[in-house]
There are 2 protein chains.
Amino acid sequence: MKARILALSGGVGGAKLARGLARVLGAGELCVACNTGDDFTHLDLAIWPDLDSVTYAVAGLADDERGWGRRGETWQFMAALRELGGPDWFRLGDQDLALHVWRSARLRAGARPSELAADVCARLGIAQTLLPMTDDTVRTRLHTDAGLLDFQDYFVARRAQPRVERIEYVGAATAGLPGPLSQAIAAGWQPEAVLLCPSNPWLSIDPILAIPAWRDWLSGLDCPIVGVSPIVGGQALKGCAAKLMAEFGLEVSAAAVARHYGALLDGFVIDRVDQALATSLRADGLGIATCDTVMRGDTDRERVACAALDLAAELRRGGA
Amino acid sequence: MKARILALSGGVGGAKLARGLARVLGAGELCVACNTGDDFTHLDLAIWPDLDSVTYAVAGLADDERGWGRRGETWQFMAALRELGGPDWFRLGDQDLALHVWRSARLRAGARPSELAADVCARLGIAQTLLPMTDDTVRTRLHTDAGLLDFQDYFVARRAQPRVERIEYVGAATAGLPGPLSQAIAAGWQPEAVLLCPSNPWLSIDPILAIPAWRDWLSGLDCPIVGVSPIVGGQALKGCAAKLMAEFGLEVSAAAVARHYGALLDGFVIDRVDQALATSLRADGLGIATCDTVMRGDTDRERVACAALDLAAELRRGGA
């Protein structure tokens, strides 16, 4: 593995930073490991929302306006599926579908998830390494006031409305690192920095950290681990992080996210609107950088990527 | 079963007559049993070319200009599949794909083919009964000078170019009638006429006739069996029937098709250009009707449908 930087990512928010990182780093210098807890089987197709979001973003194929899926996407399949009485609660674009259909056929034929991810990167001209967090099956399930729900049932079908009491990551305890990462580590590879993307800590990053092999390896690393806050000014930029924090009785703030990651974290990038938090976070021993972390276009994504990389470099040099 | 008329059909050519029959008969008066020997699994999807062609034709969704698939079809899935390096030798339209994906998921969940066919009819507002020839698996395989080939490999991937020596219908010997037909027969149902659509006799109708349960039931029927010739003026209107006949050492003519069906046939509709054949066919004991059998639009399809129905009615009355 040639990568210098390893980013852990969920879907949409993480994908934006991943794109920024891919643009400011050299070819092959970035490896992104994506949450697979949201993966699910729908219409017998293997749907991998987070890895696909990161893939489309890094390949420059993402639809920035819609915020998910591919640019120039069409919906003829969905219209015909609806006509046939098929399930239409999860939208699958005509182009996007190719990835699911082709991948599902190859998985059934015995291919490993990380192998398929590498093939897709090669096909789409992605010079970076994109990986699922594991080649094993891990599924995020939520204990809610509407019962025990699969992630997509909670997040898409029920629009994240049920109150969450507890989250479990089924299969995480026995899951391994993805093949290419295991092999690289066995061959002595170490990243210069690990970045935690501004993804939902409980739904996107925790599934990765719930895998003992990941947590053990990250804890033993001799390199800075730097997060980017998904909470800006007391609000989540995307998704349901703020709602979850409130349901868990946590203060909705970047500081609470940093405390959630705890000792794992060496540095944290927070938004300029949260600058007031810097002093107490530094007092907790964290390196802190501030910037405008809202990412609307590639310039924004590059700025946040640089802030995270600069903070990591500074921490490597022993500063911040 | 309310149907008065049972048609046996392949794909494109048969679908045209099926549409004509559906238009001239009353709601529910037609049952079409479709060849499933061409069915295959592609990208882990259950593709049923003949039943789908008939379904789209009868529902008024068929693309008459292209000659197969759905009208207004788009190809975004195929473009994305190609980009990913997936197999692109078999074209799947974005709308068409919904049928394959939804059906495949339901088949894996245990649904019977004839059940799925009935559901699709209900969803698409088809008042007629469309059935697979069997709920069991039958596969047409061709012994050719390029080896033993699956149907779609021969027909689509190799464009029917290899020379065919022999055809087998794997699974036909043990296949049963489709569920709804079995039940109707058990309840005493009999059609007023059976029509053999102008489909390829060897590739579309013979797979049905290769099923002993079909042949036994058809032989015992007390109603006329009327074919429509797929050969007009010594040429096949569609597909490779003429090429196969030549390879089998047969004269390429409507008369040779009638001889191929042999004692099963009571009547035969031939094209006006083949009128010269009528006398000898009648001498063989067949009821003969002639009309312009080339079907370009619905008027043509209704004309051929009426010719076949009229001939059958005449034969029922003991004439022709």
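Student: How many residues of chain B are in contact with chain A?

Tutor: In this predicted model, 28 residues of chain B touch 28 residues of chain A. Together the two chains bury about 2,500 Å² between them, with carbon and sulfur atoms giving 67% of that area.

Student: Which elements of chain B give two or more residues to the side that touches chain A?

Tutor: Follow helix H3 (76–83), helix H4 (94–108) and helix H5 (113–123) of chain B. H4(B) contributes the most, with 10 residues. Sorted by class, this side of chain B holds 15 nonpolar, seven polar and six charged residues.

Student: Now the cysteines. How many disulfides does a search of the whole structure find?

Tutor: The general idea first: a disulfide is a covalent bond joining the sulfur atoms of two cysteines. Here the search over all chains finds zero. Take A:Cys223, which is in no disulfide: the nearest cysteine sulfur belongs to A:Cys31 and is 12 Å away. In chain B, B:Cys223 is likewise in no disulfide, and its nearest cysteine sulfur, that of B:Cys31, is 12 Å away.

Student: Is A:Cys223 buried or exposed?

Tutor: A:Cys223 counts as buried because its relative accessibility is 8%, and the cut-off for buried is under 20%. B:Cys223 is buried too, with a relative accessible area of 8%.

Terms used:
Residues are numbered from 1 along each chain as its sequence is written. Chains are lettered from A and ligands numbered from 1 in the order in which they are written. This is a predicted model: local features need pLDDT of at least 70, side-chain atom pairs count only at pLDDT 80 or more; totals for chains, interfaces and linings use all residues. Side-chain values use heavy atoms; hydrogens and water are left out. Contact means heavy atoms within 4.5 Å. Buried area is the accessible area (1.4 Å probe) that two parts lose on being put together, summed over both. Helices (H or I, at least four residues) and strands (E, at least two) are DSSP runs, numbered from the N terminus. Ala, Val, Leu, Ile, Met, Phe, Trp, Tyr, Cys and Pro count as nonpolar, Asp, Glu, Lys and Arg as charged, and the others, Gly among them, as polar. A disulfide is a pair of cysteine sulfur atoms within 2.5 Å. Buried means under 20% relative accessible area, exposed over 50%, partly exposed in between (1.4 Å probe, protein chains only).
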